[in-house]
Amino acid sequence: QVQLVESGGGLVQAGGSLRLSCAASGSIFSIYAMGWYRQAPGKQRELVAAITSYGSTNYADTVKGRFTISRDNAKNTVYLQMNSLKPEDTAVYYCAAKRVVVDDQYRYWGQGTQVTVSS
């Protein structure tokens, strides 16, 4: 079992930056692939960034070039650096984890952190 706690959300003007953090506890962090999802009002939850246990990354087209996902296994933490933020990035952002090999889908979820981008 792993517990995930997000932090770093807040209010920022368009064009600004935020860095989200997701702290993991209760298990061996290095065996998990990690992802960041977001859900805006009236829209479905979408995967915006993912990172494998060995550091390979993928991004949704809507955030490519603006967001960067990274992980620090020594600190049991995954980050989402968000630059050039747009109002359409406004959403609740969720950290998610899946175990390498055994989990086909993201199984473990944080509580979410609100990101609001004003125009």
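## Exercises: salt bridges in a predicted model

D89 and R38 pair up in a salt bridge, with their closest N and O atoms 2.9 Å apart. Keep in mind that this is a predicted model.

**Exercise 1.** Work out which parts of the chain the D89–R38 pair ties together.

*Solution.* 

**Exercise 2.** Decide for D89 and for R38: buried or exposed?

*Solution.* 
- Recall the cut-off: buried means under 20% relative accessible area.
- D89 comes out at 1%, so D89 is buried.
- R38 has 5%, so R38 is buried.

**Exercise 3.** Find the network that salt bridges with shared partners build around D89.

*Solution.* 
- Start from R66, which forms a salt bridge with D89 at 2.8 Å between the closest N and O atoms.
- This pair links distant parts of the chain, since R66 is in the loop between β6 (57-59) and β7 (67-72), 23 residues from D89 in the loop between β8 and β9.
- Through shared partners, salt bridges join R38, E46, R66 and D89 into one network.
- Check the R38 end: the side chains of R38 and E46 are joined by a polar contact of 2.8 Å.
- As for cover, R66 has 11% relative accessibility, so R66 counts as buried too.

**Exercise 4.** Now take the D61–K64 salt bridge and classify its two residues.

*Solution.* 
- Their side chains meet at 3.2 Å, N to O.
- Exposed means over 50% relative accessible area.
- D61 has 66%, so D61 is exposed.
- K64 has 52%, so K64 is exposed.

Notes:
Residues are numbered from 1 along each chain as its sequence is written. This is a predicted model: local features need pLDDT of at least 70, side-chain atom pairs count only at pLDDT 80 or more; totals for chains, interfaces and linings use all residues. Side-chain values use heavy atoms; hydrogens and water are left out. A polar contact is a pair of N or O atoms within 3.5 Å; within protein, one must be able to donate a hydrogen and the other to accept it, and residues adjacent in sequence count only if both atoms are side-chain atoms. A salt bridge is a side-chain nitrogen of Lys or Arg within 4 Å of a carboxyl oxygen of Asp or Glu. Helices (H or I, at least four residues) and strands (E, at least two) are DSSP runs, numbered from the N terminus. Buried means under 20% relative accessible area, exposed over 50%, partly exposed in between (1.4 Å probe, protein chains only).
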